[in-house]
Amino acid sequence: MTKRCAFCGNESFEIKHIPYLYQHQEKYLLVPDMPAQICTQCGMEYFLGPDLETVERYFFAIQHREEQPDQVLEIPVKRYAA
Ligand SMILES: [Zn+2]
């Protein structure tokens, strides 16, 4: 894995699983354990293309009722400028 952080130029990353919110036309899929490469210097998070494609596939499979979500959450919403 040789790449540079686009923000700080650092070449050192660590792999972590972090929450990721996929969004498409005001519909959402939360992936609580998305694999990410985190820049060890500035903390910028990078996701890999194949992982993003997997999430997109899950999203549409769930939308088309071909797959069941593991869990369905109710999320509070609060507008900043109400
Ligand atoms: Zn960085």
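The model is predicted: local features need pLDDT of at least 70, side-chain atom pairs count only at pLDDT 80 or more, and totals for chains, interfaces and linings use all residues. Residues are numbered from 1 along each chain as its sequence is written.

**The outline**

Let's start with the parts. The chain has 1 helix and 3 strands, and along the sequence they follow the pattern β-β-β-α. Helices (H or I, at least four residues) and strands (E, at least two) are DSSP runs, numbered from the N terminus.

The C-alpha atoms fill a box of roughly 40 × 35 × 20 Å, taken along the principal axes. The radius of gyration of the chain is 16 Å, whereas a compact globule of 82 residues would have one near 12 Å; this radius is taken over C-alpha atoms, and the globule rule is 2.2 Å times the number of residues to the power 0.38. Buried residues make up 4% of the 82 residues. Here, a residue is buried if 20 or more other C-beta atoms, placed from the backbone, lie within 10 Å of its own, exposed if 12 or fewer, and partly exposed in between.

**The sheet**

The 3 strands form an open, antiparallel sheet in the order E1-E2-E3. Strands E1 and E3 are the edge strands, each pairing on one side only. Two strands count as paired if DSSP finds at least two bridges between them.

| Strand | Residues |
|---|---|
| E1 | 13-24 |
| E2 | 27-39 |
| E3 | 45-46 |

E1 and E2 pair in the antiparallel sense over 11 bridges. Tyr-20 has Val-31 in E2 as its bridge partner, and Lys-16 has Ala-36 in E2. The two strands form a hairpin with 2 residues between them, and Gln-25 in the turn has a positive phi of about 45 degrees. Of the 12 residues of E1, the number buried is 0, so E1 lies largely in the open.

**The helix**

Helix H1 (residues 49-63) packs on the sheet, touching E1 and E2, and its direction makes about 170 degrees with that of E2. Contact means that C-beta atoms, placed from the backbone, lie within 7 Å. Axes are lines fitted to C-alpha atoms, for helices over the stretch in contact, with angles from 0 to 180 degrees between N-to-C directions.

H1 has 15 residues and reaches 21 Å from its first C-alpha to its last, close to the 21 Å expected, which is 1.5 Å times one less than its number of residues. Just after H1, Arg-65 takes a positive phi of about 60 degrees.

Note on methods:
Two residues are in contact if their C-beta atoms, placed from the backbone, lie within 7 Å.
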